[in-house]
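Please look over the sequence and the three-dimensional model shown here, and read the report below alongside them.

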Amino acid sequence: MTDSYMEIKDDKAVAHIEGPAVIDTAVQIHKVFCDALESKKAVVIDIINVSGYDSTFFQLIRSLCYSLRLENRTLELDEKCKSDLFYETAKEMGIDLRNDCTRNCGSDVSKECYFTKLIKSSVKSQEAPL
Amino acid sequence: MNMSFQKVFMEEAQELFDALENDLIRLEENKNDYELINQIFREMHTLKGSGAMFGFEQLSKFAHKLETMYDLIRNKKLDVTSEIISTSLESIDFLKVLRDDPENKNFDNAREKRLADLIQTFLPVPDQALREKDAAQADVPEAAGKRQKIYRIYYKPDRDIFTKGINPIVFFRNLSALGKSFCFAHEEEIPVIKEMNPELCYTFWTCIVITDASIDDVKDIFIFAEGSGELTIKEISDSELKIEESSVPLIGDILLSKGDITREEVETVLGNRRFFGERAVEMGFTSKEKVASALFEQSTLQTVKKELVSTTVTSSIRVQNEKLNVLTNAVSELVTLQARLTQFSEAKKEVELTAISEYLEKLTSSLRDTVMMIRMVPVEEGFTSMHRLIRDLAKDLKKEVKLTIVGGDTELDKAVIDNLKDPMMHLVRNSLDHALEFPDERVAAGKEPCGQVIIKAEHLGSHVMISVIDDGKGLDSEKIRAKAVEKGLIAASDNLTEDEIFQLIFLPGFSTAEKTTNISGRGVGMDVVKKNIESIRGEVIIESIKGSGTKIKMKLPITLAIIDGLLFSVGDELFVVNISSVSECLELTPEIRAAAGNRNILKLRDSIIPYVYLRDILDINKSPKEHEQIIIMQTHEQTLGLVVDSVEGKHQTVVKTTGRLFANVKEVTGATILGDGRIALILDANRIAQKVNENKFDIQSEIRVK
């Protein structure tokens, strides 16, 4: 069992995820994310000490991202989100970090999709004209 | 088995042997390079599979033993050691013997057993499964040229798959193992966090896989997913991929083929000539998510298609050297015939004939360039055996040597490279045996214990310079001189420059080695090097500093067959020089002569250029024309003007050998036949410059009196 937890730091809700972020720990991580959402503050996810990922964790992040956006709140990923393990697992799962997610929340993806905010692509810029 | 197929395999096997030898030597330097280990494994696997396919049973069986060993290494069940590398190299030597004896008439049982036993000693006791896998693999020759297929996989698992212990990532990893796999996660059904059950799967996937595996192989991957969700696996046909067209499938086509939109809706959207996906979403025919998925597929197929096209473009066929020579000769004859036609059409002055002649000239020129390009190969191909040679020699001699190849991708005519192999071997042997010191001697001399041999190739105008450089003890001019005097090659009183002394080592039988070894020192070699290089119109230059090292440079023509030349005449004789040596031509006017103040020099823009008369150099006794021309040539060491009677123009020059007649005229490197049947001699600009310098043609002398 992991020791994931949430703390309020610098007026932000920081979700510290520890150990494997997989199906066995999904319930606990879900609770941490729910607590972060309840805090009504901007959320930061800290995955520095995550040892592995599976689909459940990516679903949880997507879900949190969607929930926060609906409340006009922000989500930040710790710098370590760009770690090879996180990035490679996301790629293997078909979650290409260079593209926006398919979750249609009605927001302007290029500005507000927290998880992929650095990614510029949109339907218009990618598609070849007929 | 068809003999021609066997011949093809024998050639292919040689390339694999060369690659294996180099890769094994690289592996010895970096024993944990798993990319390299995989490469070696694949090469052995190909050798085994192709060998079995072409009837080389023993070769295939023995290659299998090596392959098994490298399979264990790549699976980290066995560590690479120097002993393994040595045995592998020895095994490759044995494989070469098996390759050359397809019917195994001289099969060496003892050698096979010794090597097989040696390999066996490295292996851990294999588990039964591995043995069975190996045995199965041994019987299946590698299928050559399998068609690449593209599959679209749609997988929407039941929500509870996580709790059933199914992890979708395993499927995607296994797909990647089949070939290239691109996955796209659909996340639109993921709810807000409070409504989410973290143990359910809300994500589903579309994957594009490019592989030569069958659809059953792909289905096998999802065998545990059967009955626990929606799964479709479909091969994308060439027509769907539009492989024959330049464009990738359009969004409309993809949505249509997936059933996400109807034909009528496509046509309605097409009424507005905007981005299809955007319009289709706006008009409510499909969702943004589905367009995003189609976009993924579009970009993936674009990548895949590029790869397929690139595979097609880079595919090659193997052509025998002899056939290539026949083609080159035919093109050479065509070039000569075309020159004849050009002359004929110029004489006739008929517009239509001139147009035909000019068009043919363009085609001939293009054909000539293409043939020449086909003949060009990277020089590294000629150096592949050097890594092995140096490794083995260094071990025999108990020296430490590192080989570095610089500019290996420089291209040369295949014929030149073929002629280069023996000289290179002699030079490298000499470097190792005589030049490089033993580690303790090197340390005592303040050098690194490991000696360096550098093989360097670089372009030099129409030539390629190949240098063999070592940081050994260098040539001892005093010792060479003394040996030459002792052998009666020069008189003790002869006053020679250091360069002239170095040239003595090219004399037949000349050696300063105190003892002969099985590697070198018999005085056979350097004369052969020089002869071989000169036979291909090249030259050998030696630079050496005692105690620091030696550089032997071989200047080689890029091609031996056809060159672009500049045709000119002196008296009744016609000559050609390689046009790449020529920078410009101008008339030798009285003003130029006067401005030089009675000296054979020319002020050209900001440069002062000396010039010489070709009639003087070649002793042509015909009166010069009133208006002479100067050809400005860039030679190896200087810019030099060559005064000739008249410049005829550019000429596609088919190089023919001159035989013994001109053997002693170093400036003449060949001859060519002109369209009207006349012969022009091909001159080497560098050798003319060399002769000018050697004979001290005085550029300060009085202006010639006509």
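## Helix 3 of chain B

In this predicted model, helix 3 of chain B is largely enclosed by the rest of the structure, because 13 of its 18 residues are buried. The helix covers residues 57-74, and at 1.5 Å a residue it should span 26 Å, a value with which the 25 Å between its end C-alpha atoms agrees. Just after helix 3 of chain B, the backbone at B:K76 takes a positive phi of about 60°.

## Packing of helix 3 against helix 4

Part of the surroundings of helix 3 of chain B is helix 4 of chain B, and the two pack at an angle of about 165° with their axes 9 Å apart. An angle over 145 degrees counts as roughly antiparallel, and helix 3 of chain B is therefore roughly antiparallel to helix 4 of chain B. The crossing of these two helices is left-handed.

On the side of helix 3 of chain B, the contact is made by B:Q58, B:L59, B:F62, B:A63 and B:L66, while helix 4 of chain B contributes B:S88, B:S91, B:F94, B:L95, B:L98 and B:R99. Sorted by class, this contact has 7 nonpolar, 3 polar and 1 charged residues.

## Packing of helix 4 against helix 5

Helix 4 of chain B (residues 82-100) also meets helix 5 of chain B (residues 109-122), their axes coming within 10 Å and crossing at roughly 150°. Helix 4 of chain B and helix 5 of chain B are therefore roughly antiparallel to each other, and their crossing is left-handed.

From helix 4 of chain B, the residues in this contact are B:I84, B:T87, B:E90, B:S91 and B:F94, and from helix 5 of chain B they are B:R111, B:E112, B:L115, B:L118, B:I119 and B:F122. By class, the contact of helix 4 with helix 5 of chain B has 6 nonpolar, 2 polar and 3 charged residues. Two residues of helix 4 of chain B, B:S91 and B:F94, take part in the contact with helix 5 and are also listed in the contact with helix 3 of chain B.

## The contact between the chains

How many residues does each chain bring to the contact? Chain B gives 42 residues and chain A gives 34 residues. On the side of chain B that touches chain A, at least two residues each come from helix 7 (168-178), strand 2 (179-186), helix 10 (251-257), helix 12 (276-282) and helix 13 (288-314) of chain B. Helix 13 of chain B supplies the largest share of that side, 8 residues, and by class the side has 25 nonpolar, 9 polar and 8 charged residues.

## B:I251 in helix 10

Helix 10 of chain B holds B:I251, which counts as buried because it has 30 C-beta neighbours inside 10 Å. The C-alpha atoms of B:I251 and B:G277 are separated by 6.6 Å, although the two residues are 26 residues apart along the chain.

## Chain A

The secondary structure of chain A comes to 5 helices and 4 strands, and from the N terminus on its elements run β-β-α-β-α-β-α-α-α. Chain A has 130 residues, of which 43% count as buried. Among contacts in chain A between residues at least 6 apart in sequence, 65% join residues at least 24 apart.

Conventions. Residues are numbered from 1 along each chain as its sequence is written. Chains are lettered from A and ligands numbered from 1 in the order in which they are written. This is a predicted model: local features need pLDDT of at least 70, side-chain atom pairs count only at pLDDT 80 or more; totals for chains, interfaces and linings use all residues. The expected span of a helix is 1.5 Å times one less than its number of residues. A residue is buried if 20 or more other C-beta atoms lie within 10 Å of its own, exposed if 12 or fewer, and partly exposed in between; C-beta atoms are placed from the backbone. Axes are lines fitted to C-alpha atoms, for helices over the stretch in contact, and angles run from 0 to 180 degrees between N-to-C directions. Angles under 35 degrees count as roughly parallel, over 145 as roughly antiparallel, 65 to 115 as roughly perpendicular and the rest as oblique. A crossing is left-handed if the near helix is turned anticlockwise from the far one by less than a right angle, and right-handed if clockwise. Two residues are in contact if their C-beta atoms, placed from the backbone, lie within 7 Å. Ala, Val, Leu, Ile, Met, Phe, Trp, Tyr, Cys and Pro count as nonpolar, Asp, Glu, Lys and Arg as charged, and the others, Gly among them, as polar.
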